[in-house]
Amino acid sequence: MLEKLGALAETPWIYVIVSISVVLDVFLPVLPSGVLVITAATAAAGTAADAAVGGAAHGHAGFSQMLPLVMCAATASVLGDMVAYRLAWRGGDRFDRAIARSRRLTAAQAKLGTALLRGGGPLVVVARFAPAGRSVVSLGAGVMHRRVAEFLPWSALAGVTWAAYSVSLGYFGGQWLGAGWIGTAMSFFALFAAGAGAAYVVKHPRAREA
């Protein structure tokens, strides 16, 4: 599978697949968009490292593939956020009723509203790494009719940060451990660890203040 993704990473199709996955992830958090980004970066970096056989030129070529992947994932992340934000804005009453039926979403909405009103935009960045955090933030901001100027800059920063982190995990994992399952597994573990840490910060106000 990694070998196929390594070959696919050298074609424009990888950007199409990543874009679709990242955009839809805000509506279907079960989609493994982060896993896909890491796998694509690992495959591309590992393939370049294996082909290099000690040559620096191939290593730089592998690194040059990472920037477009970061930009693609970050742009798709912001696009998905804004689509969810607009849909929630227009269908506010319907989303309010859906959120009211869930204690977790109600609590998350209250925390998000307080954070944004107090200028706590960094919560948007942190929540991007938490499981389903992106969905809660984007939909919550739309339901509460937060201004675009308040939400969009933090969404862009969150998308770039998440994309850069995910691609970096895949790139360095592939460079150091090759395009194999060990490198990919280590990158996945680092991504899930960041998600667990982000979830803890979002749920615990004291951790955010620290």
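Biologist: Which helix gives the most to the nonpolar patch?
Modeller: Helix H2 does, with five residues. Helices here are DSSP runs (H or I, at least four residues), numbered from the N terminus. Patches are made of residues with over 30% relative accessible area and no salt bridge, and nonpolar side chains (Val, Leu, Ile, Met, Phe, Trp, Tyr) are joined within 5 Å, like charges within 9 Å.

Biologist: Before I go on, what am I looking at, a predicted model or something else?
Modeller: This is a predicted model, where local features need pLDDT of at least 70, side-chain atom pairs count only at pLDDT 80 or more, and totals for chains, interfaces and linings use all residues. Residues are numbered from 1 along each chain as its sequence is written, and side-chain values use heavy atoms, with hydrogens and water left out.

Biologist: Back to the patch. Which residues form it?
Modeller: Trp13, Val16, Ile17, Ile20, Leu24, Phe27, Leu28, Leu79, Val83 and Leu87, with about 900 Å² of accessible area together. Accessible areas come from the Shrake-Rupley method with a 1.4 Å probe, and for residues only the protein chains shown count as cover. H2 and H5 each supply at least two residues of the patch.

Biologist: Take Leu24. Buried or partly exposed?
Modeller: Leu24, in helix H2, counts as partly exposed because its relative accessibility is 38%. Buried means under 20% relative accessible area, exposed over 50%, and partly exposed in between (1.4 Å probe, protein chains only).

Biologist: Now the inside. How many residues does the largest nonpolar core have?
Modeller: It has 23 residues, and those with the most contacts inside it are Val18, Val37, Trp162 and Val167. A nonpolar core is a set of buried Ala, Val, Leu, Ile, Met, Phe, Trp, Tyr and Cys residues joined through side-chain atoms within 4.5 Å.

Biologist: Which helices supply at least two residues each?
Modeller: Helix H2 (13–25), helix H3 (33–52), H5 and helix H10 (148–177). H5 gives the most to this core, with seven residues.

Biologist: And what does Val37 touch?
Modeller: Not counting residues up to four places away in sequence, Val37 touches Val18, Val22, Leu69, Ala73, Trp162, Ser166 and Val167. Contact means heavy atoms within 4.5 Å. There is also a second, separate core of 10 residues, including Tyr85, Ala127, Ala141 and Ala158.

Biologist: Switching to charges. How many salt bridges does a search of the whole structure find?
Modeller: Three. A salt bridge is a side-chain nitrogen of Lys or Arg within 4 Å of a carboxyl oxygen of Asp or Glu.

Biologist: Which residues are linked in a network?
Modeller: Asp25, Asp81 and Arg134. The Asp25 and Arg134 side chains meet at 3.7 Å, N to O. That pair links distant parts of the chain, with Asp25 in helix H2 and Arg134 in helix H9 (residues 133–143), 109 residues apart.

Biologist: What about Asp81 and Arg134?
Modeller: Their side chains meet in a salt bridge at 2.6 Å, N to O. Asp81 lies in helix H5 and Arg134 in helix H9, so the pair ties together parts 53 residues apart in sequence. Both Asp81 and Arg134 are buried.

Biologist: How buried is Asp81, and what is it in contact with?
Modeller: Asp81 has a relative accessible area of 3%. Leaving aside neighbours within four places in sequence, Asp81 is in contact with Val26, Arg134, Ser138, Phe151 and Ser155.

Biologist: Which side chain does Glu150 meet in a salt bridge?
Modeller: That of Arg146, at 3.1 Å, N to O. Glu150 is partly exposed, with a relative accessible area of 24%, while Arg146 counts as buried at 15% relative accessibility.
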